[in-house]
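Work through these exercises with the coordinates open. Each task is followed by a solution in steps.

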Amino acid sequence: MPNVGADSSLFVTIDADNTDSTRLIVDTATFAEGAQIGVDVEGLIDFETFTQTRNYVIVDANTLDAGDLDDSLLTLSPYIYDISTDADEATDTVTLRVGRRAAEEIGFNAAQTAAYDAVYGALLEDEEIRNAVLAQTSRAGFLDLYNQLLPDQLEGLFSALEMAQLSIGRAVA
């Protein structure tokens with residue numbers, strides 16, 4: 001019988017490779033008002049569509065008594081995911097809802113947004129970069145790393161300026 005008090009927390013793991021999570025099947029589960037839930041996501045979730053969300057039932061009880069849960073520990077999860085909790089006493093379950101964070105929510109510009117689907121898809125193929133992205137838990141850290149994955153848009157501008165400078169230099173000489 002899990003009894004998660006107001007000053008307590010429950011951490012669970014989502015295994016993206018097996019599309020599974022920690023799941024407690026119990027007779028009675030109690031979550032006090034303010035109880036915290038945290039999640040460790042292992043791997044990159046391969047969504048069928050980029051707007052899809054996945055639900056992971058983490059507590060399945062015969063009887064659930066739950067106050068409002070504190071989602072603040074979810075900020076320790078990979079920033080690329082938008083994760084929320086739902087304690088539903090009607091179904092006696094606690095569920096994590098996980099989706100890919102929307103480009104608008106991240107605050108991407110047009111170029112960053114245009115590359116988002118391709119970059120996410122490429123993460124499935126490159127473990128080292130995937131692990132670096134999944135290690136980012138803040139918007140600032142995620143954006144810093146994400147921007148390193150994009151082509152340098154100013155390179156063309158600087159090349160054009162250099163060519164113009166050379167042309168002017170030749171014309172003056």
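**Exercise 1. Helix H4**

Task: In this predicted model, find which residues of H4 are buried, and state what they pack against.

Solution: 
- Step 1. Apply the cut-off: buried means under 20% relative accessible area.
- Step 2. In H4, this picks out Gly 141, Phe 142, Leu 143, Leu 145 and Tyr 146.
- Step 3. Look for their packing partners. The buried residues of H4 pack against helix H1 (103-106), H2 and H3.

**Exercise 2. Helix H3**

Task: Identify the buried residues of helix H3. Then decide where they lie around the axis.

Solution: 
- Step 1. H3 spans residues 127-134, and Arg 130, Val 133 and Leu 134 are buried there.
- Step 2. These residues cover an arc of only 95° around the axis, so they lie on the same side of H3.
- Step 3. Recall the helix geometry. An α-helix has 3.6 residues a turn, so residues three or four places apart point the same way.
- Step 4. Turn to the neighbours. The buried residues of H3 pack against E7, H2 and helix H4 (139-149).
- Step 5. Check the start of H3. A side-chain oxygen of Asp 126 comes to within 3.2 Å of the backbone nitrogen of Glu 128.

**Exercise 3. Gln 112**

Task: Is Gln 112 buried or exposed? Describe its surroundings too.

Solution: 
- Step 1. Gln 112 belongs to helix H2 (residues 110-123).
- Step 2. Its relative accessibility is 9%, so Gln 112 counts as buried.
- Step 3. The Gln 112 side chain reaches the backbone nitrogen of Asn 109 at 2.7 Å.
- Step 4. List the contacts, leaving out residues up to four places away in sequence. Gln 112 touches Gly 107, Leu 143, Tyr 146, Asn 147 and Leu 150.

**Exercise 4. The cavity**

Task: How many cavities of 30 Å³ or more are there? Which residues line the largest cavity?

Solution: 
- Step 1. Count. There is one cavity of 30 Å³ or more.
- Step 2. Take the volume. The largest cavity has about 40 Å³.
- Step 3. Read off the lining: Ile 80, Tyr 116, Val 119, Tyr 120, Leu 123, Val 133, Phe 142, Tyr 146 and Leu 149.
- Step 4. Assign the lining to elements. H2 and H4 are the elements that give two or more residues.
- Step 5. H2 gives the most, with four residues.
- Step 6. Val 133 lines the cavity and is one of the buried residues of H3.

**Exercise 5. The five-stranded sheet**

Task: What is the strand order of the open sheet of five strands? Which strands stand at the edges?

Solution: 
- Step 1. The order is E1-E4-E6-E8-E7, and the pairing is mixed.
- Step 2. Strand E1 (3-4) and E7 each have a single partner strand, so one side of each lacks a neighbour in the sheet.
- Step 3. Inspect one pair. Strand E6 (residues 53-66) and E8 are antiparallel, with seven bridges.
- Step 4. Arg 54 has Val 98 in E8 as its bridge partner.
- Step 5. Examine the loop between strand E7 (81-88) and strand E8 (93-100), where Asp 92 sits. Asp 92 has a positive phi, near 55°, though the residue is not glycine.
- Step 6. Asp 92 has a relative accessible area of 16%, so this residue is buried.

**Exercise 6. The three-stranded sheet**

Task: Work out the order and pairing of the open sheet of three strands.

Solution: 
- Step 1. The order is E3-E2-E5, with mixed pairing.
- Step 2. Strand E3 (20-21) and strand E5 (36-42) are the edge strands, and each pairs on one side only.
- Step 3. Strand E2 (residues 9-15) runs parallel to E5 over seven bridges. Leu 10 stands opposite Ile 37, and Phe 11 opposite Gly 38.
- Step 4. E2 and E3 are antiparallel and joined by two bridges. Here Asp 15 stands opposite Asp 20.
- Step 5. E2 and E3 form a hairpin with four residues between them. In the turn, Thr 19 has a positive phi of about 45°.
- Step 6. Sort E2 by face. Leu 10, Val 12 and Ile 14 make up the covered face, while Ser 9, Phe 11, Thr 13 and Asp 15 make up the uncovered one.

Notes: Residues numbered from 1 in each chain as written. Predicted model: local features only at pLDDT ≥ 70, side-chain atom pairs only at ≥ 80, totals over all residues. Heavy atoms only, no water. Buried < 20%, exposed > 50% of the residue type's maximum accessible area, 1.4 Å probe, protein only. Polar contact = N/O pair within 3.5 Å; in protein donor to acceptor, adjacent residues only side chain to side chain. Contact = heavy atoms within 4.5 Å. Pairing = 2+ DSSP bridges. Arc of directions from axis to C-beta. 1 Å grid on protein atoms, 1.4 Å probe; cavity = no way out; pocket = protein on both sides within 12 Å on 5 of 7 lines; lining within 4 Å. Points joined across faces, edges and corners; volume = space filled by probe spheres on them.
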